[in-house]
Amino acid sequence: MEYYNKGEPMIYFAPMEGLTGYIYRNAHNKFYPGVDKYFSPFIAANQSKSFKTKEINDILPEHNQGVALIPQILTNKAQDFICTSKRIKQLGYNEINLNLGCPSGTVVSKNRGSGFLSTKPELDHFLYEIFSESVTDISVKTRIGKDQAEEFYELIEMFNKYPIKELIIHPRIQKDFYKNTPNLEMFQVAVNTSKNPAVYNGDIFQLKDYQKFSTDFPKVNTVMIGRGLLINPGLINEIEKGVKLDKNRLKDFHDQIYDDYKNVLFGDRNVLFRMKDFWSYLVLMFSDNEKYAKKIRKSERLVDYDAAVESLFLEQDIMN
């Protein structure tokens, strides 16, 4: 397909609610530059004239200087999407991402995220309305279906009707959540038949995963990585430059995020909540990490947290 351009790899950072907000993005962009696009955790669209404080803070241009950010919207109501898009455009954004991938039960039960994939006529009408309005460019992040992978044959035909800037495909069904393995046969269907640029998302955790994907799909040079970058924030440097994760730089990265959270959040409990989520992924990069992970999880005061993190960095090595 003519839109594929196998040049330099393009790497996007997938959004993760509660983890990849502007504080994390700014620190990551500072210490591990090279991400081509960061995607914001989803904004729940509505028709009010203002955002929730948390949502507006996350996408304010002054909170994302030097970061290539794509705001993401979650909704199944076209007018809500359009109204929210207009407010986002006023902030200077020219691309918005539609979330059709979130597998969370609370989201899916409202026919949003990957739950919207099961109501194809309604989804088709929704897409017709939002693309007819053309407030900004629209990319779509999707799963391949809700209950069965074969749903994707109909979905790709539907997506082909619209000028989607990029179709980011996580080739699992909603019921998989993050279990089982990505369905690469269905991703190949997208590569073969999509009229819009296809981006791959799913289970790239190490350099060898990226290399295997590139070998298997030589026409695709754009991937989105989520959990792999949360576990190894320097994975992008390993992919693009062959540079392994450095423990001292990782400590500086952690300290930046930790200090920034302490500056904007009130009380030990709120800071610890954020940092424990942060470590639920990052700790996997360390040797013999279980007892340290337990100490971090059980920390009730910042002083306890500080001691647990300090001992981890001092006593254990990065597993490269």
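Visitor: Where does Asp203 lie?

Guide: Asp203 is in the loop between β9 and α8 (207-216). Helices (H or I, at least four residues) and strands (E, at least two) are DSSP runs, numbered from the N terminus. This is a predicted model, where local features need pLDDT of at least 70 and side-chain atom pairs count only at pLDDT 80 or more, while totals for chains, interfaces and linings use all residues. Residues are numbered from 1 along each chain as its sequence is written, and side-chain values use heavy atoms, leaving out hydrogens and water.

Visitor: What is the phi of Asp203?

Guide: Most residues other than glycine have a negative phi. Asp203 is not a glycine, yet its phi is positive, about 60°. Phe177, in the loop between β8 and α7 (184-193), also is not a glycine and has a positive phi, of about 50°.

Visitor: Which strands pair with β7?

Guide: Strand β6 (residues 95-100) pairs with β7 in the parallel sense over six bridges, with Glu95 opposite Asp137 of β7. Strand β8 (residues 167-173) is also parallel to β7, over five bridges; Lys141 has Ile168 of β8 as its bridge partner. From β7 the chain goes through helix α6 (residues 151-159) to β8, and this β-α-β crossover is right-handed (clockwise from the first strand over the helix to the second, with the strands pointing away from the viewer).

Visitor: How many residues of β7 are buried?

Guide: Eight of the nine residues of strand β7 (residues 137-145) are buried.

Visitor: At what angle do α11 and α12 cross?

Guide: Axes are lines fitted to C-alpha atoms, for helices over the stretch in contact, and angles run from 0 to 180 degrees between N-to-C directions. Helix α11 (residues 247-264) and helix α12 (residues 268-282) cross at roughly 155°, and their axes come within 9 Å. That makes α11 roughly antiparallel to α12 (under 35 degrees counts as roughly parallel, over 145 as roughly antiparallel, 65 to 115 as roughly perpendicular and the rest as oblique).

Visitor: Which residues of α11 and α12 meet?

Guide: Contact means heavy atoms within 4.5 Å. Among the residues that meet are Leu250, Phe253 and Tyr261 in α11 and Val271, Met275 and Trp279 in α12.

Visitor: And how far apart are the axes of α6 and α7?

Guide: The axes of α6 and α7 are 11 Å apart, and these helices pack at an angle of about 25°. That makes α6 roughly parallel to α7. Phe152, Tyr153 and Ile156 of α6 make the contact with Met186, Val189, Ala190 and Thr193 of α7.

Definitions and conventions:
Buried < 20%, exposed > 50% of the residue type's maximum accessible area, 1.4 Å probe, protein only. Pairing = 2+ DSSP bridges.
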